[in-house]
Amino acid sequence: MNEEEKVIIAFLIVGILIFLMYLIYESVKNNKVLDNGKREPEKELQDWEKELEFVKVGEWEEEVRKKMNPIVKIKNKYKCNKDIHILVGDYNKTSVSNTVSVLESMGLNVNIAKSGVEIIKRIKSEEKYDLIISNNIYDRGHCDGPDTVSILKDIDGFNIPIIALTVSENQRNLFIWEYGFDEYMTKLLDQDKILETLPKVIKDLKFTKIQKKSNKS
């Protein structure tokens with residue numbers, strides 16, 4: 001074999017090696033390699049993940065707060081012994097207006113989300129809450145209440161209690177033991193339900209009724 005043939009063969013070998021390295025690079029980029037050496041195709045984004053970038057955080061809250069009318073009669077005002085921030089998820093304007101009005105009458109700070117996806121986006125954006133109150137179902141998106149709970153609890157470091165707020169009566173065991181909620185309340189929300197339920201999930205939480213001022217001189 002003369003020198004020219006050797007050079008040609010060397011170039012061919014280098015070309016083949018470069019091509020093989022390119023194939024390996026593409027394979028690693030597009031696939032996950034498991035411990036047992038088998039390749040796992042990169043997972044396709046789930047529907048709720050695709051929606052995250054399109055959710056406009058705060059838009060629904062702004063709309064709801066333009067006109068809020070509680071359905072239940074709020075007889076008293078309370079203050080609580082902690083600075084509590086709550087995220088409420090509900091797509092129905094009448095229902096969520098009642099929920100927020102009642103919560104705020106108890107001295108609680110409230111933000112509003114329209115969907116499970118917005119709840120997830122707010123948490124992933126590192127908004128800080130002491131409690132999440134979530135509807136059981138939502139009218140849009142691909143993330144009902146139980147799905148939202150499951151996704152949130154898969155987030156590293158997530159430890160916020162989640163209460164289901166639903167029209168489904170006598171279903172506490174279902175929502176807690178099967179769906180994974182931490183507590184359960186039925187609509188319509190009122191002050192008695194808050195007094196009963198919130199101290200179960202927020203340690204040492206206490207409410208004090210604000211006495212009405214007398215008109216007597």
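**A serine and its surroundings**

Mentor: S134 is found in strand β6, residues 131-135; strands (E, at least two residues) and helices (H or I, at least four) are DSSP runs, numbered from the N terminus. The model is predicted, with local features requiring pLDDT of at least 70 and side-chain atom pairs counted only at pLDDT 80 or more, while totals for chains, interfaces and linings use all residues. Residues are numbered from 1 along each chain as its sequence is written, and side-chain values use heavy atoms, with hydrogens and water left out.

S134 is buried, because its relative accessible area is 1%; buried means under 20%, exposed over 50% and partly exposed in between, with a 1.4 Å probe and protein chains only. Its side chain makes a polar contact with the side chain of Y138, at 2.8 Å. A polar contact is a pair of N or O atoms within 3.5 Å; within protein, one must be able to donate a hydrogen and the other to accept it, and residues adjacent in sequence count only if both atoms are side-chain atoms.

Beyond four places in sequence, S134 is in contact (heavy atoms within 4.5 Å) with G89, I119, G145, I162, I163, A164, L165 and F181. For L165, the C-alpha to C-alpha distance from S134 is 5.8 Å, across 31 residues of sequence.

After α5 comes E126, with a positive phi near 70 degrees.

Strand β7 (residues 162-166) and β8 run parallel and are joined by 4 bridges; two strands pair if DSSP finds at least two bridges between them. With helix α7 (residues 172-178), β7 and β8 make a right-handed β-α-β unit. Right-handed means that, with the strands pointing away from the viewer, the path from the first strand over the helix to the second runs clockwise. In β8 (residues 183-186), E183 and M185 point one way and Y184 and T186 the other, and all are buried.
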